[in-house]
Every structure is written in C-alpha cells, then in structure tokens.
Amino acid sequence: FGQPAGGRTLDGAVVFKPQPFAPKGFEGFAFTDPDAKFDKIETTLDENTVQDNGTAEFEIGLPQAHPPVPLAADIQITVTDVGGRGVTANIERVFDSADYYIGIRSRLQTYATVGKDASFEIVAVRPDNTLADTASLTATVSRVSYNSVLRREDVTVRFATSRELAAAQDFAIELRHARGTLTSTPKALGS
C-alpha cells in the first residue's frame with residue numbers, strides 16, 4: 001500500500017479485563033472467586049514514533065493489583081498521518097497473571113447437610129492445562145448469610161438483599177501431584 005510511515009507519531013491505550021479460566025479436562029471446577037472484584041483498568045501508553053522500517057514497540061506491564069485471573073488486554077494504537085488524521089488499529093491479547101490457578105469442585109450432587117461430611121476436590125492447573133507442582137494451600141470454609149431489607153425509594157418500595165460471609169473453619173491442604181481434598185462437616189445451616 002505504500003512506503004513505511006517512518007517518523008509518524010503514535011499513541012495508544014490498553015484496557016485490561018478479567019477472562020474466565022476454564023481448562024479442558026477440568027469441567028465442573030470453579031477457578032474464580034465470585035467475591036473478588038476486578039474493575040477494568042485503562043492505561044494510556046507513552047507517545048512513540050514509528051521507526052523508518054514502519055515498526056514501533058510499546059512495553060505494556062500487567063496491572064499490579066489484580067486477582068489471579070487471566071487478563072485480556074485490548075490494545076488500541078493510533079498513528080497520525082502527515083495531514084493530522086489519526087488511523088487506529090486494535091488487537092487483543094490474553095495474559096496469565098499467575099503461574100497456576102486453583103480450582104475446586106464439590107463431590108456432592110446436592111447441597112451439604114448439617115452433620116454430614118462435605119468433600120471437595122482441589123486442583124492446581126497451569127495456563128497450558130497441565131497440573132502444577134505445588135505443595136500446600138490454605139482454605140477457609142465460610143458461613144453464608146443473606147439479609148433482606150425492605151427499602152423505600154421515592155414512591156416505591158423494594159427488597160435489597162446483601163450477602164455476608166463469616167469464616168467458620170480454616171484448613172491446611174497438602175496437594176499431591178497438584179491434587180487434594182478438603183472435607184468439612186457443616187455444624188449449622190449456611191456453614
């Protein structure tokens with residue numbers, strides 16, 4: 001289409017968003033924490049100049065504060081032509097923010113029953129779907145409570161429900177060949 005656009009100014013931005021981790025062969029395992037929140041992070045890249053051969057490089061670092069989830073980076077670069085018009089291109093790349101992800105799956109076919117053991121399988125899986133070499137983990141089983149309150153808003157009323165977690169029991173789990181088991185006996189409903 002023509003000669004390289006050497007010497008032109010370019011700038012860019014990156015938007016990081018969480019992506020689900022769902023490795024093949026580990027269906028039924030949950031690899032995310034529904035209570036961990038990740039707001040998308042937008043970063044402006046430093047202004048750069050296109051090299052004579054038509055290329056340019058940007059260094060993009062992963063955000064410092066994030067839960068251990070894969071991150072999709074939506075990268076947008078705009079190069080300005082001689083007339084001042086911007087020409088923009090987008091690419092998306094997925095980055096792994098951890099060497100491995102912890103997954104958990106209930107061995108029960110229904111909810112846990114008070115006074116009966118509830119057992120869970122735990123795995124440590126690398127982004128390439130192989131098992132990770134890990135030694136030990138800590139886990140917390142929490143009691144879940146839901147509270148509903150009737151709220152008045154102008155001329156209407158509605159129920160607002162909140163979810164609260166209270167730690168019930170902590171566990172040290174030894175993984176063997178990246179697999180382990182957690183067994184807990186609920187002492188009350190919701191624990």
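## Close-ups of strands, core and salt bridges

Arg158 counts as partly exposed, at 40% relative accessibility. On this scale, buried is under 20% relative accessible area, exposed is over 50%, and partly exposed is in between, using a 1.4 Å probe and protein chains only. Before the views, a word on the model: it's predicted, so local features need pLDDT of at least 70 and side-chain atom pairs count only at pLDDT 80 or more, while totals for chains, interfaces and linings use all residues. Residues are numbered from 1 along each chain as its sequence is written, and side-chain values use heavy atoms, with hydrogens and water left out.

**View 1. Glu153 and Arg158 form a salt bridge.** Here the closest N and O atoms sit 2.8 Å apart. To count as a salt bridge, a side-chain nitrogen of Lys or Arg has to be within 4 Å of a carboxyl oxygen of Asp or Glu. Searching the whole structure turns up five salt bridges.

**View 2. Arg105 reaches Glu121 in a salt bridge.** Their closest N and O atoms are 3.2 Å apart. Arg105 belongs to strand β5 (residues 101-106) and Glu121 to strand β6, so the pair ties together parts that are 16 residues apart in sequence. Strands here are DSSP runs of E, at least two residues long, numbered from the N terminus. Arg105 is partly exposed at 27%, whereas Glu121 comes in at 18% and counts as buried.

**View 3. Four strands make an open antiparallel sheet.** Reading across, the order is β2-β1-β3-β4. The edges are β2 (41-49) and β4 (86-95), each of which pairs on one side only. From one strand to the next, the twist averages 20°; axes are lines fitted to C-alpha atoms, and angles run from 0 to 180 degrees between N-to-C directions. Two strands pair if DSSP finds at least two bridges between them.

**View 4. Here's how the strands of that sheet link up, bridge by bridge.** Seven bridges connect β1 (residues 9-18) with antiparallel β2, and Ala13 has Thr44 in β2 as its bridge partner. On to β3: β1 and β3 run antiparallel and are joined by nine bridges, with Pro18 partnered by Leu71 in β3. β3 (residues 71-80) and β4 also run antiparallel, with ten bridges between them; Gln76 finds its bridge partner in Asn90 of β4.

**View 5. Eleven residues make up the largest nonpolar core.** Such a core is a set of buried Ala, Val, Leu, Ile, Met, Phe, Trp, Tyr and Cys residues joined through side-chain atoms within 4.5 Å. Members include Ile122, Ala124, Leu137, Val141, Phe171 and Leu182. β6 (118-125), β7 (136-153) and β8 (156-174) each give two or more residues, and β7 supplies the largest share, three residues. In soluble globular proteins, nonpolar side chains tend to be buried together.

**View 6. What does Leu137 touch, leaving out residues up to four places away in sequence?** Its contacts (heavy atoms within 4.5 Å) are Ile102, Ile122, Phe171, Ala172, Ile173 and Leu175.
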